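My notes follow, in the order I checked things.

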Amino acid sequence: MTEPGMPAGRTSHAILLIFCPDRQGLVAAVTQFIHTHQGNILDLDQHVDPSEGVFFMRVAWALTGFGLDTRGFRERFNAEVADQFEMTWALHTSATAPRMAVFVSRQSHCLHDILARVESGEWQVRIPLIISNHLDLKPI
């Protein structure tokens, strides 16, 4: 997967979100799939809800050198992993910045911190909406 327009110094990456019935071998299957296609895992979080028996996973990996494009990923991941484990999943890439609404009150320091992180590129999101229950920060 390639991402044109990625800012210099930024590593393009993919994020896979998964949930499915819990069972043995889920983490191994997903990480082996990424490894097999030359993916370098950057971050991985997993959780099992024991009362419901549901497995949740978020895994991010670098796209530099990754051997599948988005369409190829979808086809191969379904055939090799997802169908076998009855997974529901979604794939996101850093090429698409998520939209984020910000809720503020009267204090400006948190809003300024968030906006500075977006402006510097630390947070790669778009903020189309700022909502407040006061008019104090309306000029921002």
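This is a predicted model: local features need pLDDT of at least 70, side-chain atom pairs count only at pLDDT 80 or more; totals for chains, interfaces and linings use all residues.

I started with the largest pocket, which holds about 200 Å³ of space.

Next I looked up what lines the largest pocket: His13, Ile15, His92, Thr93, Ser94, Thr96, Ala97, Pro98 and Gln124. Strand 1 (13-21) and strand 4 (88-93) each give the lining at least two residues.

**Trp89**

I stayed with strand 4, where Trp89 sits. Buried or exposed? I have Trp89 at 18% relative accessibility, and the cut-off for buried is under 20%, so Trp89 counts as buried.

Then I checked its neighbours, leaving out residues up to four places away in sequence: Trp89 touches Leu16, Leu17, Ile18, Phe73, Arg74, Phe77, Asn78 and Ala82. With Asn78 there is a side-chain to side-chain polar contact at 3.0 Å. I also noted Phe19, 70 residues from Trp89 along the chain, with the two C-alpha atoms 6.5 Å apart.

**Aromatics**

I find nine aromatic pairs in the structure. One of them is Phe73 with Phe77: ring centres are 5.2 Å apart and the planes are at 10°, so I log the pair as stacked. Both residues are in helix 2 (residues 70-85), four residues apart, so about one helical turn separates them. Phe73 is buried at 0% relative accessible area, and Phe77 is buried at 0% too.

Notes. Residues are numbered from 1 along each chain as its sequence is written. Side-chain values use heavy atoms; hydrogens and water are left out. On a 1 Å grid over the protein atoms alone, a cavity is a set of points where a 1.4 Å probe fits but cannot get out, and a pocket is an open set with protein on both sides within 12 Å along at least five of seven lines; lining residues have an atom within 4 Å of a point. Grid points are joined across faces, edges and corners, and a volume is the space filled by probe spheres set on the points. Buried means under 20% relative accessible area, exposed over 50%, partly exposed in between (1.4 Å probe, protein chains only). Contact means heavy atoms within 4.5 Å. A polar contact is a pair of N or O atoms within 3.5 Å; within protein, one must be able to donate a hydrogen and the other to accept it, and residues adjacent in sequence count only if both atoms are side-chain atoms. Rings of Phe, Tyr and Trp (its six-membered ring) pair if their centres lie within 6.5 Å; planes under 30 degrees apart count as stacked, over 60 as edge-to-face and the rest as tilted.
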